[in-house]
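Please keep the sequence and the model in view while reading.

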Amino acid sequence: MRNQALILLCIVVFGVIGTCHGGSLRKKYYKKTCPNAEEIIKKATEKHVANDSTLPARFLRMHFHDCFVRGCDGSVLLNSTTNNSAEKDAIPNLTLAGFDVIDDIKAEVEKKCPNVVSCADVLALAARDAVSFKFQRPLWEVLTGRRDGRVSRVSEALANLPSPFSNFTTLVRNFANQGLNVHDLVVLSGGHTIGVGHCNAFSNRLYNFTGRGDQDPSLNPTYAAFLKTQCRNLTDNTTFVPMDPGSVFAFDNNYYVTVKQNKGLFQSDAALLTNKGSRNIVNELVDPKKFFTEFAQSMKRMGAINVLTGNEGEIRKKCFVAN
């Protein structure tokens, strides 16, 4: 009964159970054990981002995909083994990229502080620092103290990651399973303002929306005509287009302007307009100040999903293999 009460308290106070697992995340967790950890990660991240403008979107997506499966525990970074297919090899994760860069950043930290800083924290910080690079200030706070998980299963990635084909009801359920609400769903969808989407994630909206060779009537016709010039058929799985036209490398609130024009690339983007409550939030986030404030808060909540802390999990020396 006492344990049940504790779990309920965690849900009420923190919004996600994970923040109560074995301790809690906090500011400057490595202050005594690796004082310069966050600065090392920031410098290494910025060095890579300066040479590759695709990394902010890639790291943001990787962090999101990590947190939605077993919590923010770095399990998305683990390689498959002879006896196990890891999250990394799930279909939704096959287009993730930048694992080698995360490994490089982790190696820089290991040089100064061996076996101290988790891969989960490296990924959470690198995602923040990459997106923040052009702003020269942190866009959201990242509390630290995550531990690395030892388990990574392809089946769990398939079961838990939100799909670009999802309707509003399914998306709400996906987010609720992680302790996040409709507001978080709409705010975090704003991450689609940077990065690209592959044709096979939305081409059904162009060529076979209801199985009758038709087009999604909710998709802006002019935009649909343009997309058809890029994605020639349903089977194209190599071509990609910006998720937010004209804003592929600019982290801003233009995504919501695009969605309101019925130019959301994925069915999951268009779904935000199918519910009055989420539609109202979309309208609010057209205000840049509101977007940046709300995005920072939702990222902080997402970064605390089911984290391992204290003596749970491990600290991996190399992010792609469990100790």
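Leaving aside residues up to four places away in sequence, Pro162 is in contact with Phe64, Phe68, Leu171, Asn174 and Phe175. The model is predicted.

**Pro162**
- An unreviewed UniProt entry lists Pro162 under "binding site".
- The loop that holds Pro162 runs between helix 6 (154–160) and helix 7 (168–176).
- Among the contacts of Pro162 are Phe64 and Phe68.

**His192**
- The unreviewed UniProt entry also gives His192 as a "binding site".
- His192 belongs to the loop between helix 8 (182–189) and strand 1 (196–198).
- His192 counts as partly exposed because its relative accessibility is 22%, and the partly exposed class lies between the limits of under 20% for buried and over 50% for exposed.
- Met243, Asp244, Tyr255, Phe266 and Asp269 are touched by His192, when residues up to four places away in sequence are not counted.

**The cavity**
- When the whole structure is searched, one cavity of 30 Å³ or more is found.
- The volume of the largest cavity is about 30 Å³.
- Its lining consists of Arg205, Ser218, Val259, Asn262, Lys263, Gly264, Ala270 and Leu273.
- Sorted by class, the residues lining the largest cavity are three nonpolar, three polar and two charged.

Notes
Residues are numbered from 1 along each chain as its sequence is written. This is a predicted model: local features need pLDDT of at least 70, side-chain atom pairs count only at pLDDT 80 or more; totals for chains, interfaces and linings use all residues. Side-chain values use heavy atoms; hydrogens and water are left out. UniProt positions are given in the numbering used here, feature names are shortened, and annotations may be inferred rather than shown by experiment. Helices (H or I, at least four residues) and strands (E, at least two) are DSSP runs, numbered from the N terminus. Contact means heavy atoms within 4.5 Å. On a 1 Å grid over the protein atoms alone, a cavity is a set of points where a 1.4 Å probe fits but cannot get out, and a pocket is an open set with protein on both sides within 12 Å along at least five of seven lines; lining residues have an atom within 4 Å of a point. Grid points are joined across faces, edges and corners, and a volume is the space filled by probe spheres set on the points. Ala, Val, Leu, Ile, Met, Phe, Trp, Tyr, Cys and Pro count as nonpolar, Asp, Glu, Lys and Arg as charged, and the others, Gly among them, as polar. Buried means under 20% relative accessible area, exposed over 50%, partly exposed in between (1.4 Å probe, protein chains only).
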